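Here is a short report on one protein model. Please read it alongside the sequence and the coordinates.

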Amino acid sequence: MRIIVGISGATGVVMGYKLLEILNRIPNCEIHLVVSEGAIKNFELETNISIDDVIALAHFNHSNKNLAAAISSGSFKTDGMIVLPCSMKSLSGIANGYADNLLVRAVDVCLKENRKVVLAPREMPLSKIHLRNMSTAADLGCSIIPPMLTFYNKPNDLNDQVTHVIGKILMQFGIDIKEFKAWEGAE
């Protein structure tokens, strides 16, 4: 399996880091990473995680400025892409086909090649522009999985919430993780 992970400049970049940690435990999963400039700044502002530690979790790291990277071409086969978190700027670029950086171009390539794309938009409240862009991205074939709070899994902390979101995202690729607590129904 070959997955592209995009981490854009929305708040919550730690979720992208956690996704990389989990993907590293999946046998034969090749990880290609592209981190936006805004995400690099958010790692500095929101976490104690160095960008070098983030990059170390990927097999391949691609500069967001390198529109000639392997992941910018449809002939480079992947199983798809996850953007976690997805900023409203990246969402707008995706929804409107404005691929002026590698993160958006890689999504564009996945869409044109009919590959799975999961976007985890992170903003609130949502404006009509945000909602329209999410609807457009969904119409183009993206799965929209906002990192929303979940309580049926009886989370103990923020880590449980983040892991649940990542579990929902990875289900889109047919990947199950042991930490994910699925709804089992009620009487």
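The report covers the basis of the model, the sheet, the helices and the cysteines.

## Basis

The model is predicted: local features need pLDDT of at least 70, side-chain atom pairs count only at pLDDT 80 or more, and totals for chains, interfaces and linings use all residues. Residues are numbered from 1 along each chain as its sequence is written, and side-chain values use heavy atoms, with hydrogens and water left out.

## Sheet

Six strands form an open sheet in the order 3-2-1-4-5-6, with parallel pairing. Strands are DSSP E runs of at least two residues, helices are H or I runs of at least four, and both are numbered from the N terminus. Two strands pair if DSSP finds at least two bridges between them. Strand 3 (60-63) and strand 6 (143-144) are the edges; each has a single partner strand, so one side of each lacks a neighbour in the sheet.

Strand 2 (residues 30-35) runs parallel to strand 3, joined by four bridges. H32 has F60 of strand 3 as its bridge partner.

## Helix 5

Helix 5 (residues 102-112) is largely enclosed by the rest of the structure, because eight of its 11 residues are buried (under 20% relative accessible area, 1.4 Å probe, protein chains only). Among them are L102, V107 and C110.

At the helix start, a side-chain oxygen of N101 comes within 3.2 Å of the backbone nitrogen of L103. N114 follows helix 5 and has a positive phi, near 60°.

## Cysteines

The disulfide count is zero, with a cut-off of 2.5 Å between cysteine sulfur atoms. C29 is in no disulfide; its nearest cysteine sulfur, that of C110, is 13 Å away. C29 counts as buried, at 5% relative accessibility. C142 is in no disulfide either, and the nearest cysteine sulfur, that of C86, is 8.3 Å away. C142 is buried at 6% relative accessibility.

Methods: Buried means under 20% relative accessible area, exposed over 50%, partly exposed in between (1.4 Å probe, protein chains only). A polar contact is a pair of N or O atoms within 3.5 Å; within protein, one must be able to donate a hydrogen and the other to accept it, and residues adjacent in sequence count only if both atoms are side-chain atoms.
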